[in-house]
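Please examine the structure shown here.

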Amino acid sequence: MKVPLLDIDKQYAPLKEELLQAIAAALEVQPVCNGPAVRQLEREIAEYSGCQFGVGVSSGTDGLLCSLMTLEIGDSSGGPRATEADRDEVITTAFTFFATGGAIWRSGARPVFVDIDPVTFNIDPARIEAAITPRTRAIMPVHLYGQVADMDAICEIADRHGLAIIEDAAQAIGAGQGERKAGAFGTAGVFSFYPTKNLGAPGDAGMIVTQDSELAEKLAFFRNHGSAGSYLHTWVGGNFRMDSIQGALISVKLKHLAAWENARREHAAIYNERLAGCEGVTTPVELQGNRHVYNQYVIRSERRDELRAYLSDNGIASAMFYPLGLHQQPCFASLGYKEGDFPLTEQASHEVLALPISHEITEEQIRCTAEAIRAFSA
Ligand SMILES: *Cc1c(COP(=O)(O)O)cnc(C)c1O
């Protein structure tokens, strides 16, 4: 049996008519860029995540950059260029998709990496405090794989030091912790609608959410070259606009998201059950009080590369998210990190393996994948 990581065609087939109608309707209404369909999606996503405001943007990456620029962190929003000694700093996890560190770098701020909690793979709040300096402006936690980072602890540290929080919730729309949802804890939260995310557009799009009306208004200026209109530019923003066709398509899919999340959670539970007690394999842990939405279902194995090859020989796809810590990326060499600085991140980068998961994966495909892992481990 072939088991792909994600079967996007299967997701589109049942929605095809509705999606085509949404495109046709979006084309009828001007402007097609950043138009009424985007305003509607902003309201819907804000409501879905328990936030007051949504600001549609061109991608999750641009949402992170736009948030940093709008908070005037770094030096890309029009102020004087910082020297190395007075460069703003933003603390984030060493174990995440590149975009998190890339956005901080592009804002002109210095990314400061911190090691992870090896159980959840999320930033370890106990290590944040030691990374704070007089130049620290913000913390950017990532809700990796769809589980919210320890936000009680992170918010407490941020409050005490007067730091902003920008949640990288790209993988975690709909995820919860206690009473709140991903994106609703920080100064701003950022979602991605990249096709492989739980709410995937057919192209690139993203959304910034916030509870702060002034910030929402300023974010909307930054999305459009830092202008409040009349070709007058108070700041240097960017072209971070979302196009209305993506907005309309995401609205169609959003109606199904809650059901899709439940399906993912059920699929994760089947994996957990089928892999329980499997020698050499650690299944994901959902901490109490969290609602994990399993954008990825990630196991650990000390023989990860062999296991991956074995699954591939059996027609089963898998992926490594992520094979290298951000501190080891060549483009960040000038930050001065070296191998061994973040041992838990480095260990995870050698052990993690993402298995096929989606709302439409069949029980048989999950069974087949779990059996192959058991056969390898026996
Ligand atoms: C996908 C992702 C992003 C970037 O989102 P895009 O929409 O692809 O730009 C940022 N951070 C994390 C953790 C992601 O998984």
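The paragraphs below consider the ligand and then the salt bridges.

This is a predicted model, in which local features need pLDDT of at least 70, side-chain atom pairs count only at pLDDT 80 or more, and totals for chains, interfaces and linings use all residues. Residues are numbered from 1 along each chain as its sequence is written, and side-chain values use heavy atoms, with hydrogens and water left out.

The ligand is surrounded by 14 residues, the closest being Gly60, Thr61, Asp168, Ser192 and Lys197; a residue counts as near if one of its heavy atoms lies within 4 Å. This shell comprises five nonpolar, seven polar and two charged residues, with Gly counted among the polar ones and Asp, Glu, Lys and Arg as charged. An oxygen atom of the ligand lies 2.6 Å from an N or O atom in the side chain of serine 192. For lysine 197, the distance from a side-chain N or O atom to a ligand oxygen is 2.8 Å. Glycine 60 places a backbone N or O atom 2.8 Å from an oxygen atom of the ligand. Taken alone, the ligand exposes 380 Å², and the protein buries 93% of that area (Shrake-Rupley method, 1.4 Å probe).

Side chains of opposite charge can pair when their charged atoms come close. In the whole structure, 18 salt bridges are found, each defined as a side-chain nitrogen of Lys or Arg within 4 Å of a carboxyl oxygen of Asp or Glu. One of them joins glutamate 42 to arginine 223, with the closest N and O atoms 2.9 Å apart.

Notes:
Polar contact = N/O pair within 3.5 Å; in protein donor to acceptor, adjacent residues only side chain to side chain.
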